[in-house]
Amino acid sequence: MNTPIRMQLMPGVWLTAIQTRKFKSSFWSLQLLTPLEKKTASMAAVLPRVLRRGTAACPDQEQLGAALDDLYGGVIEPAVSKLGEVQMTGFMATFLDDSLTLDGRPIYPRAAELMGDLLLRPATKNGRLRSDYVLSERQNLLSDIKSLFNDKRTYSAVRLTQEMCRKEAYGVHRLGTQDEAEKITVTRLDKYYRQLLRESRVELYYCGSAKPEQIRQAWVEALMGLPRGQERELPETVTRIQPEEVRLVCDQMTVTQAKLAMGFRAGTCIQDGDYPALLMMNAVFGGGPNSKLFLNVREKLSLCYYAASGVDKHKSLILVQSGIDLDKTEETQQEILRQLQAVRDGEFTDEDLEGARRLMLNQLTSCQDSQGALAAFYQDYVLSEHMLSPEELARQVREVKREDVISSAQKVVLDTVYLLTASLAEAKQEN
Amino acid sequence: MELRKFNTIGENCYFEQLQNGLPVFVVPKPGYSKAFAAFVTSYGGMHQRFTTDCFHDTPAGIAHYLEHKMFDMKWGNALQALSSAGASPNAFTASDITAYYFTCTEHFTENLRTLLQFVSTPYFTPESVQKEQGIIGQEIGMVEDNPDWCMYQNLLQGLYCHHPLRNSIIGTKDSIAQIDADTLYACHKAFYHPGNMVLCVAGDVDPRQVISLARMTLTQDKQAVAQKDYGEPEPAQSNRQEISCQMEVSAPNFILAFKAKPFSAGKEGLRQSILADTAAELLCGRSSPLYTRLYQEGLINKSFSVGTSDYPQAAFLDFGGESSDPGKVRQAILDEAERLALKIDEERFRRTLRAEYGAQVRNLNSFDDICIQLARGWFKGYHYFDFAECYESITAKDVSDFLAQTVRQETSCLSVVYPKGA
């Protein structure tokens with residue numbers, strides 16, 4: 001597989017392209033980057049869903065579906081995510097790779113054109129986005145926001161982030177809030193859409209058998225007419241915060257199993273030199289089936305049904321999640337902190353260290369076997385000066401030493417503890 | 001060892017049938033770090049009744065129970081052995097097959113040997129079998145609370161009069177209580193011998209090595225195949241046209257299915273399944289006029305999906321999702337089928353067929369999909385990679401005829417889960 005080529009197509013429009021014949025499909029992404037803000041997050045989230053309903057040329061799902069079917073059943077889906085304190089909104093798409101078409105006619109120019117149409121030439125009524133599409137997609141967004149509540153494991157992570165980062169933009173969910181979603185109107189969304197087109201940075205991604213130059217050309221044509229005004233500057237995500245004291249937040253609900261989520265500030269993000277050490281430290285602490293959390297908190301002490309830690313590499317956070325019996329909250333919390341202290345004190349074997357390294361290297365190797373995982377990997381670097389490849393990151397992971405893991409753990413500070421449990425009174429008693 | 005090249009879809013496939021009857025497929029995937037292997041038996045939830053030297057009538061849920069117990073070895077647990085050698089192992093039991101598989105990026109040979117060994121070695125003790133009653137009992141309790149599962153189970157009962165698909169793959173608390181070590185040994189002996197199984201591998205591996213490892217690890221003996229009993233042929237019409245229950249759901253959920261004539265064995269069966277998929281898409285797939293209309297009228301939403309199912313002696317089309325009025329959706333689909341049975345727009349037909357083809361080729365990115373489809377194809381008497389050829393022989397008239405025969409009030413069953421108190 002070739003290394004990605006990165007180029008600027010027009011002011012504020014960037015393309016990352018990887019040429020490879022490894023896959024049966026081509027993988028595409030078109031993302032608008034904008035500061036993550038409470039008052040606009042829901043509009044940014046609903047926008048690609050509305051645009052996906054129809055273009056000027058294919059104004060409804062049937063006609064859009066026909067255009068996609070004609071391209072061997074291509075798939076274009078709305079996508080919205082967070083990259084630290086930047087919100088990304090747009091489309092992800094996958095098409096049959098050009099090397100496998102039956103008539104030999106390439107798909108890529110038409111795929112780019114269709115995505116360009118979705119972004120720039122939507123179905124409109126009286127010059128504005130269609131109100132029936134806006135209203136029904138607002139409804140769908142609202143039901144997705146409400147259903148975050150259904151899975152209590154997801155919900156506890158959402159609540160922890162919200163509470164821990166309540167004074168930072170990062171506390172806003174990628175779908176925004178119910179209140180803001182309810183305020184979406186055709187007028188507001190149409191205005192926001194046009195502003196976003198003018199001001200946001202655009203990130204394009206392609207992985208498939210076509211040459212990067214061909215893809216560049218196709219995108220330049222497809223995005224002709226993209227209005228370019230003063231590009232809105234993207235905020236630098238705040239990553240170095242020293243919590244003054246540990247906050248405890250507790251919600252009560254009818255549940256039989258409690259969720260304990262703990263948020264730590266890691267002090268290291270993807271752009272820092274000691275990022276590989278943070279990855280290794282997380283793997284030793286709680287990142288896999290051989291980690292301290294899994295082996296001690298879950299297996300040895302049977303304190304919980306699951307316990308694992310994850311890194312937010314942009315915001316520089318470590319989030320520990322666990323599902324526990326209602327009466328085990330204090331004990332589990334203490335044990336999780338004890339395991340973190342053990343990593344800080346260097347109480348882990350060389351075998352633990354090498355197990356963690358194998359896990360990381362395995363993830364970095366297998367991500368190159370999946371177009372989706374590869375796209376996600378490179379997307380993490382669009383705000384960095386240097387775009388690392390999985391091989392380069394693997395090389396750095398190989399060099400991480402025991403001392404690096406220890407110093408990485410020593411930087412980690414507890415910020416917020418979130419507990420979702422059956423009764424508030426009961427939880428207070430426990431603590 | 002034979003090599004077949006499928007240039008249109010860009011795949012090659014090595015094949016050899018061992019002396020003991022085991023077919024081995026190896027799909028080379030140069031440039032990939034991961035490798036995938038699946039060891040699959042043609043034995044699943046629907047094979048309760050069969051004949052070896054005598055007739056067996058076994059409890060519902062036994063194939064799934066056996067899957068759970070297969071990982072036990074005299075020396076420990078095979079799942080853990082594979083995990084500690086860097087593999088991600090798993091298994092599933094369907095109505096027609098049980099599959100054991102793993103993915104790994106290192107120690108492939110060692111992991112493949114473990115896979116072949118544990119699946120071909122039965123080791124059950126009365127204590128371990130007894131212990132599993134509790135674990136599977138909990139699993140049964142969980143699925144019985146799951147609206148999707150109940151809706152699907154009801155559908156099969158409504159669609160079929162006596163076909164063994166009607167019985168739950170996982171069984172009931174009563175049926176699994178009848179399972180003991182002896183029954184498990186008997187089922188393993190009947191269905192887990194190489195002649196009733198397939199080994200499929202995808203990855204950047206040496207096909208010769210895979211074949212010789214299978215030859216060395218497994219028994220050399222050939223064994224007679226157990227006769228599977230599916231009962232009397234089913235009538236064309238469904239058993240019941242409507243079946244429903246009430247559960248904890250926020251809106252009514254439904255599956256609407258149409259009983260089709262069972263697909264033939266061999267390559268014709270592969271063609272029939274592609275024909276059925278295409279018919280379902282033309283009828284109410286995402287780019288059909290009917291889908292757009294139902295979506296705009298709010299009768300269906302994003303959760304709506306279409307599909308086909310194909311088992312020995314049983315096949316059906318299904319449409320499902322959330323709807324405020326599932327009965328209206330059924331009527332709309334029946335009306336549209338009647339219209340399409342008369343004439344299908346040729347251009348839309350070509351486009352849909354092309355989209356189906358593209359999606360099927362894109363699925364070849366998935367090693368799991370390749371291996372499981374190759375195994376199912378072998379059991380049904382075709383080579384899965386021959387699918388590309390089938391597209392050429394399907395016409396709009398074929399689809400019209402299929403819809404006229406299949407999508408009718410009397411072949412249909414509508415299974416609905418309504419919210420409690422509705």
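Student: For chain A, with 431 residues, what radius of gyration does the model have, and what would a compact globule have?

Tutor: The structure is a predicted model, and chain A contains 16 helices and 13 strands. Along the principal axes, its C-alpha atoms fill a box of roughly 60 × 45 × 40 Å. A compact globule of 431 residues would have a radius of gyration near 22 Å, and this agrees with the value for chain A, 23 Å.

Student: How does the radius of gyration of chain B stand against the globule rule?

Tutor: Chain B has 15 helices and 17 strands. The globule rule gives 22 Å for its 422 residues, and the chain is close to that figure, so chain B is as compact as a globular protein of that length. Its C-alpha trace spans about 60 × 50 × 40 Å along the principal axes. The radius of gyration of chain B is 22 Å.

Student: Which domains does the assignment give for chain A, and what distance separates their centres?

Tutor: The assignment places domain 1 at 5-222 and domain 2 at 247-430 of chain A. In the contact between them, domain 1 takes part with 36 residues and domain 2 with 35 residues. Taken over C-alpha atoms, the centres of domain 1 and domain 2 of chain A are separated by 30 Å.

Student: What area is buried between domain 1 and domain 2 of chain A, and what percentage of it do carbon and sulfur atoms give?

Tutor: The size of an interface is often given as the accessible area lost when the parts come together. For domain 1 and domain 2 of chain A, that area is about 3000 Å². The part given by carbon and sulfur atoms is 65%.

Student: How many salt bridges are counted between domain 1 and domain 2 of chain A?

Tutor: K315(A) and E85(A) form a salt bridge in which the closest N and O atoms are 2.6 Å apart, inside the cut-off of 4 Å. Across the interface of the two domains of chain A, 13 residue pairs are in polar contact. The count of salt bridges between domain 1 and domain 2 of chain A is six.

Student: Which element gives the most residues to the side of domain 1 of chain A that touches domain 2?

Tutor: The elements of chain A that give two or more residues to this side include β2 (13-19), β3 (25-35) and α5 (152-164). By class, this side of domain 1 has 16 nonpolar, nine polar and eleven charged residues. With ten residues, the element that gives the most is α5(A).

Student: What area is buried between chain B and chain A?

Tutor: The contact joins 32 residues of chain B to 34 residues of chain A. Carbon and sulfur atoms give 49% of the buried area. The area buried between chain B and chain A is about 2700 Å².

Student: How many salt bridges are counted between chain B and chain A?

Tutor: The side chains of D103(A) and R354(B) meet in a salt bridge, with 3.4 Å from N to O. Across the interface of chain B and chain A, 16 residue pairs are in polar contact. The count of salt bridges between the two chains is four.

Student: Which element provides the largest share of the side of chain B that touches chain A?

Tutor: Two or more residues come from each of α10 (289-296) and α12 (346-362) of chain B. By class, this side of chain B has ten nonpolar, 13 polar and nine charged residues. The largest share, nine residues, comes from α12(B).

Note on methods: Residues numbered from 1 in each chain as written. Chains lettered and ligands numbered in written order. Predicted model: local features only at pLDDT ≥ 70, side-chain atom pairs only at ≥ 80, totals over all residues. Heavy atoms only, no water. Domains from an automatic or database assignment. Contact = heavy atoms within 4.5 Å. Buried area = accessible area lost by both parts, 1.4 Å probe. Polar contact = N/O pair within 3.5 Å; in protein donor to acceptor, adjacent residues only side chain to side chain. Helix = DSSP H or I, 4+ residues; strand = E, 2+ residues; numbered from the N terminus. Nonpolar A, V, L, I, M, F, W, Y, C, P; charged D, E, K, R; others polar. Rg over C-alpha atoms; globule rule 2.2 N^0.38 Å.
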